[in-house]
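Me: Could you take a close look at one buried spot in this model for me, and then walk out from there to where the chains meet? Please spell out your cut-offs as you go.

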Amino acid sequence: MAGLLREARLSAFRLRSNLRAIADSGASVVDLRADAYGHGFRRVLDESRSFGFTKFQVSPGQTLPPGAMTAPDGVPVYEGVLTLVGEVVAVKALPAGSRISYGYTYRTVADSTVALVGLGYADGLPRLGSSRATASTGGRSGTVAGRIAMDQFVLDLGDGEATVGDEVVVWDADRAQEWSALARRSTLDLFAGLGHRVHRRWLDEGQAST
Amino acid sequence: MTARAIIDLDAFRHNVRVLAAIAAPSATMLAVKANAYGHGMLELAPIALESGASSLAVLDIPAALALREAGVTAPLFAWLHGLKSDFGAAARAGVELGVSSVHELEAIEAARPGHPVRVHLKIDTGLHRNGASPEEWPALVTAALAAEKRGAVTVFGAWSHLADASEEEDAAALAALHEAIAVAEALGARFSMVHLAASSAGIRMPEARLDLVRFGIAAYGISPFDDITGRELGLIAVMTLVTTVTSVEAGAATIGVGFGDGLAGGALPRAEAWAGGARARILSIGVDESVIEAHNLSVGDEVVLFGTGDAGEPTAEEWANWADSIGDEIVVRIAQRVERVYTD
């Protein structure tokens with residue numbers, strides 16, 4: 001990669017446990033629409049087939065290999081699979097009352113460390129998360145400070161710290177719910193809206209073989 | 001037929017010409033970041049350069065490299081960098097770099113560029129995103145001048161971003177930029193290119209045009225203001241999102257577009273489409289399909305989600321209003337799976 005870290009980390013372990021659970025529940029169709037809701041059609045298809053699934057709900061334009069067929073009423077299998085990670089691009093120490101981002105709609109309530117993060121609404125972060133949603137870096141949670149821009153947002157870490165290059169977790173299983181509520185969109189809608197600049201990376205976590 | 005985004009190249013050409021004329025004698029840099037706001041960077045970049053833009057703003061190095069690979073030789077400006085950003089590749093491709101900190105300068109020099117890389121030093125004039133604070137600025141300028149002496153960089157530009165908060169705030173930011181330039185000049189810097197304004201100040205704040213205006217959203221035909229439309233500014237919306245009716249039931253029709261195409265679910269319950277020569281309320285938005293309130297439609301009829309507004313169809317600006325957003329987000333979120341159809 002020649003550029004910024006913008007990564008959707010996908011847990012093969014979580015996907016497999018979800019697949020096992022829906023297989024046990026008797027469901028027989030996996031919902032692969034919208035590029036498996038941004039997770040990547042091919043990988044989710046392959047994992048599903050390895051659990052014996054042969055029927056899939058697909059979007060127009062998605063073609064299935066021989067031995068697989070389309071069916072309605074697929075079950076989504078994406079709970080907790082995806083973590084969206086960005087990178088701290090700049091860090092500033094700002095006095096209380098500093099105004100941040102377009103329109104100056106946000107003010108720091110105390111002396112604060114703020115981190116500029118290289119993800120924006122072009123990457124799929126809903127602009128409705130501005131000044132309300134949270135993200136974390138180094139285990140420390142912060143609030144999105146002011147308006148989310150096309151390519152970046154500012155994270156108010158209060159009395160916390162950050163260093164350029166630190167990873168920022170924007171969505172994990174819990175935070176995706178929070179962002180989704182603020183954006184008035186389902187989490188599946190959120191994931192399907194991940195932009196083309198976000199690199200998808202599957203983590204195998206040393207569990208069952210691929 | 002599934003959803004398609006029709007990209008009107010002539011409208012884009014028109015907008016760039018209009019904006020370049022407004023900016024003149026200042027130069028025009030056209031922002032084609034984020035895949036040209038979802039319109040297609042490789043397709044639109046040459047047209048921008050033919051229509052009055054003399055350089056392109058790409059955000060980051062990978063986008064600049066993609067343009068170079070496509071044969072674009074014009075100046076390219078990239079300013080958002082990470083720890084793994086490939087400054088060596090940027091230097092080889094002749095990409096001009098925005099620099100906000102001494103550590104970025106050091107990383108550029110450490111990449112052993114082989115020839116001086118043009119840098120634009122960024123001062124934070126209030127937005128508190130990137131850029132050196134007034135306290136950090138002298139050290140950044142001094143470090144850049146030292147790197148210039150060693151042949152690693154050419155100190156070419158000085159720049160900032162406006163917050164577009166109010167006339168007074170933007171005037172204060174402009175004053176802060178001038179002040180930073182005076183500080184830098186006292187340290188021995190001479191800038192060839194000073195820039196601050198994007199679409200909104202480029203249009204409404206002549207004193208902020210300086211050497212160059214970085215136009216983005218306005219070039220795509222969408223207003224940067226909330227009190228006037230792109231149409232009223234003499235701009236033409238470049239993207240029209242269309243689909244067709246896939247089935248009809250009593251009083252409703254299903255259409256082939258959904259949130260999987262990037263349609264903004266947050267626009268409900270106010271969102272409308274244009275179908276059968278009238279506005280139709282959108283009742284629900286699904287993954288691949290949505291349902292509109294409609295009578296007398298047939299399977300295969302065309303439905304416009306947003307466009308220029310010329311025929312009465314909604315605009316991206318209206319969608320932005322419905323979704324409590326801005327037009328930029330409406331167009332840039334249109335998904336990759338939506339085919340872009342270029343018309344001239």
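This is a predicted model: local features need pLDDT of at least 70, side-chain atom pairs count only at pLDDT 80 or more; totals for chains, interfaces and linings use all residues.

Reply: The side chain of A:Gln57 reaches the backbone nitrogen of A:Gly74 at 2.8 Å. On bookkeeping, residues are numbered from 1 along each chain as its sequence is written, chains are lettered from A and ligands numbered from 1 in the order in which they are written, and side-chain values use heavy atoms, with hydrogens and water left out.

A:Gln57 sits in strand S3 of chain A, residues 55–57 (strands are DSSP E runs of at least two residues, helices are H or I runs of at least four, both numbered from the N terminus). A:Gln57 counts as buried because its relative accessibility is 15% (buried is under 20% relative accessible area, exposed over 50%, partly exposed in between, with a 1.4 Å probe and protein chains only). Leaving out residues up to four places away in sequence, A:Gln57 touches A:Val29, A:Val30, A:Asp31, A:Leu32, A:Arg33, A:Ala71, A:Pro72, A:Asp73 and A:Gly74 (contact means heavy atoms within 4.5 Å).

Now for the chain boundary. There, 49 residues of chain B are in contact with 48 of chain A. The two chains bury about 4,000 Å² between them, 55% of it on carbon and sulfur atoms (that's accessible area, 1.4 Å probe, lost on putting two parts together, summed over both). The rule finds six salt bridges across this interface (a side-chain nitrogen of Lys or Arg within 4 Å of a carboxyl oxygen of Asp or Glu). A:Arg99 forms a salt bridge with B:Glu169, with the closest N and O atoms 2.7 Å apart. On the chain B side, the elements giving two or more residues are helices H2 (33–37), H4 (61–69) and H11 (327–332), and H2(B) gives the most, with four residues.

As for confidence, the model scores ipTM 0.96 and pTM 0.96.

Notes
A polar contact is a pair of N or O atoms within 3.5 Å; within protein, one must be able to donate a hydrogen and the other to accept it, and residues adjacent in sequence count only if both atoms are side-chain atoms.
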